[in-house]
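Here is my note on the chain shown below. Please read it with the structure open beside it.

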Amino acid sequence: MTPPTMETTNLMARFVKVADVGEVPPGTVKLVFVEGFPVALYNVEGQVYATDDTCTHDEASMSEGKLTGPVIKCYLHGAEYDVRTGKVLRMPAVAPLNTHAVKVEGKEIWVSLDGQGQGGGSL
Ligand code: FES
């Protein structure tokens, strides 16, 4: 049996509608839930990205942080992450945020929790 490739894995990903595009204007972050799991949605100049909403440092909500370009700053202790990759840019966090796949269809934003995200969805 052939192991699944990234392409077949993406075909199997289950996307859930989480918001309309008007709910996440450029430069903002919004808390949504995917099957009960909290996810932060970010609009970076028309590209929508999704990460876990929970800061890896001490469980603050990333959707309450400040988004500047592609960088989200946690409101609690100031850790910074690149929302496109989840990479930590500033301590005290050391573990990256999980990213999630996003697609935009018409005026709807869809997110999948299946596997790591690859880029964002265009508006
Ligand atoms: S909880 Fe986010 S930096 Fe501490």
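Which residue stands opposite Glu105 in strand E10? Glu108 of E10 does. The points below set this pair in its surroundings.

1. Basis. The model is predicted: local features need pLDDT of at least 70, side-chain atom pairs count only at pLDDT 80 or more, and totals for chains, interfaces and linings use all residues. Residue numbers start from 1 along each chain, as its sequence is written.

2. Overall content. The chain has one helix and 11 strands; helices (H or I, at least four residues) and strands (E, at least two) are DSSP runs, numbered from the N terminus. Along the sequence the pattern is α-β-β-β-β-β-β-β-β-β-β-β. Of the 123 residues, 31% count as buried, meaning that 20 or more other C-beta atoms lie within 10 Å of the residue's own C-beta; a residue is exposed at 12 or fewer and partly exposed in between, with C-beta atoms placed from the backbone.

3. Contacts. Two residues are in contact if their C-beta atoms, placed from the backbone, lie within 7 Å. Among the contacts in the chain with a separation of 6 or more, 42% come from residues 24 or more positions apart.

4. E9 (residues 99–105) and E10 (residues 108–112) pair in the antiparallel sense over five bridges; two strands pair if DSSP finds at least two bridges between them. They form a hairpin with two residues between them.

5. Gly106. This residue is in the turn of the hairpin and has a positive phi of about 60°. Is Gly106 buried or exposed? Gly106 counts as exposed, because it has 7 C-beta neighbours inside 10 Å. Val21 is 85 residues away from Gly106 in sequence, yet the two are 8.6 Å apart in space, C-alpha to C-alpha.

6. The link to E4. Strand E4 (residues 47–52) is joined to E9 by two bridges, and the two strands run antiparallel. Thr51 stands opposite Thr99 in E9.

7. The four-stranded sheet. An open sheet has the strand order E5-E6-E7-E8, with antiparallel pairing. E5 (66–68) and E8 (88–90) stand at the edges with a single partner strand each, so one side of each has no neighbour in the sheet. On average, neighbouring strands of this sheet are turned by 30° against each other, direction ignored; axes are lines fitted to C-alpha atoms, for helices over the stretch in contact, and angles run from 0 to 180 degrees between N-to-C directions.

8. E6 (residues 71–73) and E7 (residues 80–82) pair in the antiparallel sense over three bridges. Val71 stands opposite Asp82 in E7.
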